[in-house]
Amino acid sequence: MATIATRPTGEDVTAFLDAVPDERRRADGHALCSLIARVTDAEPTMWGPSIVGFGTTTYTNTTGTHEWFVVGFSPRKNAVTIYGIHNGYEAPDPLLDELGPHTTGKGCLYLKKLADADPAVLEQLVRNAWESAEHS
């Protein structure tokens, strides 16, 4: 059975966010980390070298059953990528229409500027994702 590369690392989340080169991405990362921690009441954990995840759940795919985070994000160069809110295999949450400028991928949501997203809608999307998942 294959082992997935993205796993909890034990690295320091604050140090990772402090090291994000772009000032706006760095600020967005800290703000998003605070929002998700507040909504989920979970501690952030580094998953691999660049993803901050909250909580754990299991999922099964063609390579087996794996541990994964429930909600997470990464302050990437072109956008903040948020995982767990959007599942490209299901109908999108209607709240996404109210979020503000964004794009989606198969399993993620991309925000070029966190400031352009409606904070109440983003908070509700995180809450919905957290509450609908089986997690620890």
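I start with helices H2 and H4, which are oblique to each other, and therefore neither roughly parallel (under 35 degrees), nor roughly antiparallel (over 145), nor roughly perpendicular (65 to 115). Before going on: this is a predicted model, where local features need pLDDT of at least 70 and side-chain atom pairs count only at pLDDT 80 or more, while totals for chains, interfaces and linings use all residues. Residues are numbered from 1 along each chain as its sequence is written, and side-chain values use heavy atoms, with hydrogens and water left out.

Helices here are DSSP runs of H or I with at least four residues, strands are runs of E with at least two, and both are numbered from the N terminus. H2 covers residues 23-40 and H4 covers residues 119-132; their axes come within 10 Å and cross at roughly 50°. The axes are lines fitted to C-alpha atoms, for helices over the stretch in contact, and angles run from 0 to 180 degrees between N-to-C directions. The crossing of H2 with H4 is right-handed, meaning that the near helix is turned clockwise from the far one by less than a right angle.

Which residues in H2 meet H4? From H2 they are Leu-32, Leu-35, Ile-36, Arg-38, Val-39 and Thr-40, and in H4 they meet Pro-119, Leu-122, Glu-123, Val-126, Arg-127 and Trp-130. Contact means heavy atoms within 4.5 Å. By class, the contact of H2 with H4 has eight nonpolar, one polar and three charged residues; Ala, Val, Leu, Ile, Met, Phe, Trp, Tyr, Cys and Pro count as nonpolar, Asp, Glu, Lys and Arg as charged, and the others, Gly among them, as polar.

Two of those residues, Glu-123 and Arg-38, form a salt bridge, with the closest N and O atoms 3.0 Å apart. The term means a side-chain nitrogen of Lys or Arg within 4 Å of a carboxyl oxygen of Asp or Glu. Glu-123 in H4 and Arg-38 in H2 are 85 residues apart in the chain.

Now the sheet. Six strands form an open, antiparallel sheet in the order S1-S2-S5-S6-S8-S7, where strands pair if DSSP finds at least two bridges between them. The edge strands are S1 and S7, each pairing on one side only. H2 packs on the sheet, its direction making about 170° with that of S5. H4 also packs on the sheet, at about 135° to S5.
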